[in-house]
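Reader: Before I use these coordinates, please walk me through them. Keep it brisk.

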Amino acid sequence: QNLKIKEYFYGTPGKLDLSPFSTTIRFEDLNVWKVGQGGTGGLAPSSALPLGAQRTVDETQLFPISNADILLHSLLSVLDGSDKTDDLGLQETRGFVYLHEHRES
């Protein structure tokens with residue numbers, strides 16, 4: 001398992017050498033969105049809803065994140081710098097970021 005994780009982040013030995021690095025970015029300069037679940041811990045299964053009730057929150061709905069503390073130790077997907085929020089879910093992933101520390105500025 002450790003070998004697979006290392007291959008994922010660093011590439012396959014002898015074929016592709018990737019070099020992860022650290023950098024500092026102000027959270028205020030980012031737009032961070034979460035897919036589904038809003039600010040709640042999770043969605044109950046549809047079978048747990050009352051008979052005839054419809055879910056009011058789409059499982060793929062995007063919610064803006066304004067608090068970096070809840071993202072600590074999260075793996076984030078990096079998308080193009082588009083300001084269009086209606087097509088975020090359709091954009092290709094350009095890379096990944098692991099948030100390991102958050103400091104107040």
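What follows is a set of questions and answers on this model.

Reader: What kind of model is this, and what is its average pLDDT?

Author: This is a predicted model, in which local features need pLDDT of at least 70, side-chain atom pairs count only at pLDDT 80 or more, and totals for chains, interfaces and linings use all residues. Residues are numbered from 1 along each chain as its sequence is written, and side-chain values use heavy atoms, with hydrogens and water left out. pLDDT is the predictor's confidence in each residue, from 0 to 100. In the protein, 73% of the residues score at least 70, and the average pLDDT is 76.

Reader: Which element has the highest mean pLDDT?

Author: Elements are DSSP runs numbered from the N terminus: helices (H or I, at least four residues) and strands (E, at least two). Helix α1 (residues 2-10) has the lowest mean, 75. Where pLDDT is low, predicted coordinates should not be read in detail. The highest mean, 86, belongs to strand β3 (residues 74-78).

Reader: What pattern do the elements follow along the sequence?

Author: The protein has one helix and four strands. Read along the sequence, the pattern is α-β-β-β-β.

Reader: Which residues make up the largest nonpolar core?

Author: Buried means under 20% relative accessible area, exposed over 50%, and partly exposed in between (1.4 Å probe, protein chains only). A nonpolar core is a set of buried Ala, Val, Leu, Ile, Met, Phe, Trp, Tyr and Cys residues joined through side-chain atoms within 4.5 Å. Of the 105 residues, 12% count as buried. The largest core has six residues: Phe-27, Val-32, Ile-65, Ala-68, Leu-71 and Leu-99.

Reader: Which element gives the largest share of the nonpolar patch?

Author: Patch residues have over 30% relative accessible area and no salt bridge; like charges are joined within 9 Å, and nonpolar side chains (Val, Leu, Ile, Met, Phe, Trp, Tyr) within 5 Å. Ile-5, Tyr-8, Phe-9, Leu-75, Phe-96 and Tyr-98 form the nonpolar patch, with about 630 Å² of accessible area together (Shrake-Rupley method, 1.4 Å probe; for residues, only the protein chains shown count as cover). Two or more residues each come from α1 and β4 (95-99). The largest share, three residues, comes from α1.

Reader: Is Leu-75 buried or partly exposed?

Author: Leu-75 is found in strand β3. At a relative accessible area of 48%, Leu-75 is partly exposed.

Reader: With which residues is Asp-80 in contact, leaving aside its neighbours within four places in sequence?

Author: Asp-80 sits in the loop between β3 and β4. Contact means heavy atoms within 4.5 Å. With those neighbours left aside, Asp-80 is in contact with Gln-91 and Arg-94.

Reader: How many salt bridges does the protein have?

Author: A salt bridge is a side-chain nitrogen of Lys or Arg within 4 Å of a carboxyl oxygen of Asp or Glu. Arg-26 and Asp-29 form one (3.3 Å, N to O). Glu-92 and Arg-94, both exposed, also meet in a salt bridge (3.6 Å, N to O). By this rule the count is two.

Reader: Which residue has a positive phi although it is not a glycine?

Author: Most residues other than glycine have a negative phi. The residue in question is in the loop between β2 (62-65) and β3, and its phi is about 65°.
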